[in-house]
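The entries follow the order in which I looked things up.

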Amino acid sequence: MQKAYKVEDDAIIINRDLTELDLFVRKFLEVLKKHSDYLIVSGFVSISTGRARGTEDIDVLVPIMDKSKFGSLLKELQNNGFWCYQGDKAEEVYGYVRNFSNVRFAKINEMYPNIEFVPIDETKKAKFFEFTHPQKIRVKDFEFKAPPIEFEILYKEMVLAGEKDIADAKHLRALFSELIKNEKFKEFKKIIMQDLR
Amino acid sequence: MKKLKNTDYVELYAKKLKNDNSLFKQQKMLIESQLKASSSVFRNMFAEDNFKEKARAYLRNIGLLQK
């Protein structure tokens, strides 16, 4: 019997084997990272740290990019076995990205799981803050960037606030009770409130 | 006796998991069985030829894609 996690060089190391869901996300990130920075938020953060529930989509924040850069990313994703729900050509899909609408990617001949690609910029205060303050999480050799745990908890409690989100927040609060800091809750609450006004 | 809510179970599970990583094995089984089930449902719904077109038509019908 071992502990579920430890902290090493500012990264939270989760002590478990990789799942098929991790492999899917890792494959997507391998391509995305060549073109852009990113942050994984919401359900996958809870699930990757042990929350016992399934998910259909993995939310990934990505800074807004121009059409040409998006076209290169789309092409490389397609060459690596992904398809985009919204279309096959950059001309079809980029309109969604430009308008800050989410687009989704899944593996060819699959619908789920899918990546919900969430374009952001600095006008999205809370999202941009978490994006610029990432927490590294590692499972075996798979490392990804997530929000600070306190931020993720508050965002689920204050903004998303569905039954599933409240349960996810409760999971994170209980699992990381020794890591989370009250002063960070105070700091992050102010930032999230800006988006709620 | 107080009736436990769903979130109380979530909290109990997380507290137990914190010191017992063997629970991750059950979680892995749960996640992978859900993935397998959902994959099988949609493969049956949309045969592999024209999967994308059929999937997009379905997504338009349920409002996830613009018409």
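This is a predicted model: local features need pLDDT of at least 70, side-chain atom pairs count only at pLDDT 80 or more; totals for chains, interfaces and linings use all residues.

Entry: helices H6 and H7 of chain A.
I looked up helix H6 (residues 149-160) of chain A against H7(A) and found a crossing at roughly 155°, with the axes coming within 9 Å. Angles over 145 degrees count as roughly antiparallel. H6(A) and H7(A) are therefore roughly antiparallel to each other. The crossing in which H6(A) passes H7(A) is left-handed. On the H6(A) side I listed A:Ile149, A:Glu152, A:Ile153, A:Lys156, A:Glu157 and A:Leu160; they meet A:Asp165, A:Ile166, A:Asp168, A:Ala169, A:Leu172 and A:Arg173 of H7(A). Sorted by class, this contact has 6 nonpolar and 6 charged residues, and no polar ones.

Entry: H7 of chain A against chain B.
Next I took helix H7 (residues 163-175) of chain A with helix H1 (residues 6-19) of chain B, which pack at about 30° with axes 8 Å apart. That angle makes H7(A) roughly parallel to H1(B). I recorded a right-handed crossing where H7(A) passes H1(B). H7(A) contributes A:Ile166, A:Ala167, A:Lys170, A:His171, A:Ala174 and A:Leu175 to the contact, and residues from H1(B) include B:Val10, B:Glu11, B:Ala14 and B:Leu17. I counted the classes for H7(A) with H1(B) as 7 nonpolar, 3 polar and 4 charged residues. A:Ile166 is listed in the contact with H1(B) and also in the one with H6(A).

Entry: the chain B side as a whole.
How many residues of chain B are in contact with chain A? I get 32, in contact with 28 residues of chain A. The elements of chain B that give two or more residues to this side are H1, helix H2 (23-45) and helix H3 (51-61). H2(B) supplies the largest share, 12 residues. By class I have 13 nonpolar, 9 polar and 10 charged residues on the side of chain B that touches chain A.

Entry: the four-stranded sheet.
In chain A I found an open sheet of 4 strands in the order E1-E2-E8-E9, with mixed pairing. Strand E1 (5-8) and strand E9 (142-146) are at the edges with a single partner strand each, so one side of each has no neighbour in the sheet. The twist from one strand to the next averages 25°. Strand E2 (residues 11-14) and strand E8 (residues 135-139) of chain A pair in the parallel sense over 4 bridges. I noted A:Val139 in E8(A) as the bridge partner of A:Ile14.

Entry: strand E6 of chain A and its partners.
Is strand E6 (residues 103-107) of chain A mostly covered or mostly uncovered? I find it mostly covered, with 4 of its 5 residues buried. Strand E5 (residues 82-84) of chain A runs antiparallel to E6(A), joined to it by 3 bridges. A:Phe82 is opposite A:Lys107 in E6(A). E6(A) also pairs in the antiparallel sense with strand E7 (residues 114-120) of chain A, over 4 bridges. There A:Ile115 in E7(A) is the bridge partner of A:Phe105. The hairpin of E6(A) and E7(A) has 6 residues between the strands, and in it A:Asn109 takes a positive phi near 65°.

Methods:
Residues are numbered from 1 along each chain as its sequence is written. Chains are lettered from A and ligands numbered from 1 in the order in which they are written. Axes are lines fitted to C-alpha atoms, for helices over the stretch in contact, and angles run from 0 to 180 degrees between N-to-C directions. Angles under 35 degrees count as roughly parallel, over 145 as roughly antiparallel, 65 to 115 as roughly perpendicular and the rest as oblique. A crossing is left-handed if the near helix is turned anticlockwise from the far one by less than a right angle, and right-handed if clockwise. Two residues are in contact if their C-beta atoms, placed from the backbone, lie within 7 Å. Ala, Val, Leu, Ile, Met, Phe, Trp, Tyr, Cys and Pro count as nonpolar, Asp, Glu, Lys and Arg as charged, and the others, Gly among them, as polar. Two strands pair if DSSP finds at least two bridges between them. A residue is buried if 20 or more other C-beta atoms lie within 10 Å of its own, exposed if 12 or fewer, and partly exposed in between; C-beta atoms are placed from the backbone.
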